[in-house]
Amino acid sequence: MALLMKGSSSWYQFVNRTKCKLVFSTCKYYRFSSSSIFDSNAKRLQRNRAALLGPKNVYSYLKDEVAAKTVDRVCDISRFFNKALDFGSGLGHISKQLNRDIVGDIYQADFSELMIENADICPNPEVTTHSSVVSNESLTFADDSFDLVISSLYLHWINDLPKCLSEIKRVMRKDGVLVGCVFTKDTLFELRSSLQIAEMERQGGVSSHVSPFIEVQDIGSLLANAGFTMVTIDVDEIVIEYPSIFELMSDLKGMGESSADQRRQNF
């Protein structure tokens, strides 16, 4: 079995052998549509559970890699950021990649309290790390607070993205930068297809087991509609090999990336 992880900023997808490819694209300034697709309470519980599974490096390999690539995009901007917000900071994957040459203060924000409690901080003592538990759609920061907002593999779980992005824009300074990375549509495509075929053969119908993802081609227009300018989007791939579907699903659980679709069916 192979997992093909594709994304517009980032996401998983599944194949039939033993490899796995993640495609992610980083967007400076972007926005998506809103609808109540995800069970936010289930997702918070999943992230809380993932925060307690250890050791961290067992499940952090993908998010650490994507965080490193996201910070590389930040480094492409020839500018020092006094205050940066890591929205959806998780276990501090972004903070571990930052240094004093990039930011002065980093603010970690996540709606999972255990993620915040167990998150790594910036290893550079000259960079002050602040942490807070926030709502997905309402940020508890003053207007014009941040020069930089980073969000790595988090926004794909937000129900009301227009409201969330308006909040991000509110806390950003006028010359601020948003760099984001999310999974996109073809993520876990093979896993989705395999489960649908098996369920059709055994039960005569299909139900949702993999959460829906955004289309890569929609991101540019969504960003423009959100009022962001100078939009840049790129797509990257990471290939990961799994011996079977069971190791994949175990890792998804350990990452806090299990399905939170409202329509999901539990067995």
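**Close-up 1. E65 and K69 pair up within helix α2.** In this predicted model, the side chains of E65 and K69 form a salt bridge, with an N to O distance of 3.9 Å. Both partners belong to helix α2 (residues 61-75), and because they sit four residues apart, about one helical turn separates them.

**Close-up 2. A salt bridge joins D175 to R79.** Here the N to O distance is 3.5 Å. D175 belongs to strand β8 (residues 172-182) and R79 to the loop between α2 and β4 (81-87), so this pair ties together parts that lie 96 residues apart in sequence. D175 is partly exposed, with a relative accessible area of 49%, and R79 is partly exposed as well, at 28%.

**Close-up 3. E215 meets K185 in a salt bridge.** The two side chains come to 3.0 Å, N to O. This pair links distant parts of the chain, 30 residues apart: E215 is in the loop between α5 (189-203) and α6 (219-225), while K185 is in the loop between β8 and α5. E215 counts as partly exposed at 24% relative accessibility, and K185 is partly exposed at 42%.

**Close-up 4. D64, K96 and D120 form one network.** In this view, salt bridges with shared partners connect the three residues.

Key. Residues numbered from 1 in each chain as written. Predicted model: local features only at pLDDT ≥ 70, side-chain atom pairs only at ≥ 80, totals over all residues. Heavy atoms only, no water. Salt bridge = Lys/Arg side-chain N within 4 Å of Asp/Glu carboxyl O. Helix = DSSP H or I, 4+ residues; strand = E, 2+ residues; numbered from the N terminus. Buried < 20%, exposed > 50% of the residue type's maximum accessible area, 1.4 Å probe, protein only.
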